[in-house]
Amino acid sequence: QSECCNGKTFAHYWLHNGFLNIDNRKMSKSLGNFFTVREISEKYDLQVLRFFMLSAHYRSPLNFSADLMESAKTGLARICNAADSLKHYAGAAKEAEKKFDEAMDDDFNTADAISVVFELVRLANSNVNEDGTKAFVQSLLDELLELGDILGLVFETKEEILDEEIEKLIEERQVARKERNFQRADEIRAELLEKGIVLEDTREGVKWKRA
């Protein structure tokens with residue numbers, strides 16, 4: 001009947017929730033604690049009612065009370081506020097992309113383009129924390145990497161390697177050379193070079209320096 005009336009799919013899944021209690025008492029007309037959805041909608045937004053009903057497992061009895069509905073209203077408002085903030089930040093990131101394009105179109109004005117990159121950095125530093133959504137954090141990262149790629153910059157911090165680790169790898173390389181395992185020796189040299197460590201074979205032994 002609903003689909004014929006509205007021309008839309010009524011539901012993909014149908015679940016019957018547990019009994020509804022009103023202030024910890026079974027809802028019934030005889031007790032005078034009976035409410036229809038229409039009556040509830042006169043006091044609360046139906047999104048709040050939906051959020052309230054989703055707050056418990058569908059198989060469990062659901063207790064309806066003014067306090068619980070107010071709590072659901074507050075909880076939903078918190079999520080909505082977070083969504084609004086994320087929309088704002090996403091818009092700011094999009095605006096940064098536009099300003100970047102304008103700078104590059106302005107006779108390849110890389111100085112202004114870099115200033116836009118720093119705007120994104122400030123946006124990330126001030127708003128990305130453990131409470132941030134994965135999508136928001138990923139969108140900022142993707143934007144930053146995309147702008148860096150246009151400029152030919154790779155925004156990666158090389159892992160700092162400690163002196164004792166370097167010495168151990170050099171020692172392993174010396175052993176590999178004695179065993180004529182030149183492939184492993186070359187691999188170690190390349191690995192250290194990738195980490196910014198330059199090796200120099202001298203008569204006095206192997207010396208190293210940071211590039």
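A residue counts as buried when its relative accessible area is under 20%. Phe52 has 3% relative accessibility, so Phe52 is buried. This is a predicted model.

**Aromatic pairs**
- Two aromatic pairs turn up in a search of the whole structure.
- One of them joins Phe52 and Phe64 edge-to-face, with 5.7 Å centre to centre and 90° between the planes.
- This pair links distant parts of the chain, with its two members twelve residues apart.
- Phe52 sits in helix H3 (residues 46-54), and Phe64 sits in strand S3 (residues 62-64).
- Phe64 is also buried, because its relative accessibility is 9%.

**Asn21 in strand S1**
- Strand S1 (residues 20-22) contains Asn21.
- Asn21 has 19% relative accessibility, so Asn21 counts as buried.
- Beyond residues up to four places away in sequence, Asn21 touches Lys26, Met27, Pro61, Leu62, Asn63 and Phe64.

**Nonpolar cores**
- The largest nonpolar core has 13 residues.
- Ala93, Phe100, Ala113, Leu120, Leu123, Leu140 and Leu147 touch the most other members of that core.
- At least two residues of this core come from each of helix H4 (66-105), helix H5 (110-127) and helix H6 (134-151).
- Phe100 is in contact with Ala113, Val116, Val117, Leu147, Ile150 and Leu151, leaving aside neighbours within four places in sequence.
- A second, separate core holds eleven residues, including Leu49, Phe52, Phe64 and Met69.

How values were computed. Residues are numbered from 1 along each chain as its sequence is written. This is a predicted model: local features need pLDDT of at least 70, side-chain atom pairs count only at pLDDT 80 or more; totals for chains, interfaces and linings use all residues. Side-chain values use heavy atoms; hydrogens and water are left out. Rings of Phe, Tyr and Trp (its six-membered ring) pair if their centres lie within 6.5 Å; planes under 30 degrees apart count as stacked, over 60 as edge-to-face and the rest as tilted. Helices (H or I, at least four residues) and strands (E, at least two) are DSSP runs, numbered from the N terminus. Buried means under 20% relative accessible area, exposed over 50%, partly exposed in between (1.4 Å probe, protein chains only). Contact means heavy atoms within 4.5 Å. A nonpolar core is a set of buried Ala, Val, Leu, Ile, Met, Phe, Trp, Tyr and Cys residues joined through side-chain atoms within 4.5 Å.
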